[in-house]
Amino acid sequence: IGENYVIWTIPVSGFYRLIVTNELLMLAGLILISMILIQAVADTMDRTVIGQIKRINGKLRSIQEGDLKPKVDVKDSKEFLELSAHINSMVDSLLQSSEKLEMSEKIKSQKEELERQHEQLEAAVEQAEAASKAKSEFLFNMSHDIRTPMNAIIGFTNLALESSDPKEQREYLENIDISSK
């Protein structure tokens, strides 16, 4: 063959073996690159999605335990922002319901107190009316008991003053004495 050419001769069986080896090496490289990409995507998902879900779950646990103060604030994506807004809206509704319930309980307690005071006032009014009735009866009886003898005393005094007979005057004065006792 010529002097300027180098010819490399490979048997055909070796050529096919070389193609299969190269393809296997390329396949192994592609698998390795795919695994690296899968791991990178999984790490990114863990940081961006799973991490955010864990943060939201932590806030939801706090809410479940009764702590309604913390707000869910995850703004990494539109979906998480919307989810945060919905959760915060639910927490606000819970707070309002809780405040309404507290107000309702306070009103119920005040109503019970007012009813108790009303009952006490009614009892006091009944006592006052009974006392007033007793006083009125007492004054009526006393007035009658005082007025009858006083009328007799006044009447006999007038008769005694109008009479000039000492014996008759004495009789009137004795009647006055009896009426005064």
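Arginine 116 and glutamate 113 form a salt bridge, with 2.3 Å between the closest N and O atoms; the term denotes a side-chain nitrogen of Lys or Arg within 4 Å of a carboxyl oxygen of Asp or Glu. This is a predicted model, in which local features need pLDDT of at least 70 and side-chain atom pairs count only at pLDDT 80 or more, while totals for chains, interfaces and linings use all residues. Residues are numbered from 1 along each chain as its sequence is written, and side-chain values use heavy atoms, with hydrogens and water left out.

The two partners are three residues apart in helix α2, so about one helical turn separates them. Helices here are DSSP runs (H or I, at least four residues), numbered from the N terminus. Arginine 116 is partly exposed at 37% relative accessible area, as is glutamate 113 at 32%; buried means under 20%, exposed over 50%, and partly exposed in between, with a 1.4 Å probe and protein chains only.

How many salt bridges does this rule give? The count is three.

Another joins lysine 71 to aspartate 92, with the closest N and O atoms 2.4 Å apart. Lysine 71 sits in the loop between α1 (12-64) and α2 (78-162), and aspartate 92 in helix α2, so the pair ties together parts 21 residues apart in sequence.

Finally, glutamate 174 and arginine 170 meet in a salt bridge at 3.6 Å, N to O. Glutamate 174 is partly exposed at 41%, whereas arginine 170 is exposed at 57%.

Key:
Helix = DSSP H or I, 4+ residues; strand = E, 2+ residues; numbered from the N terminus.
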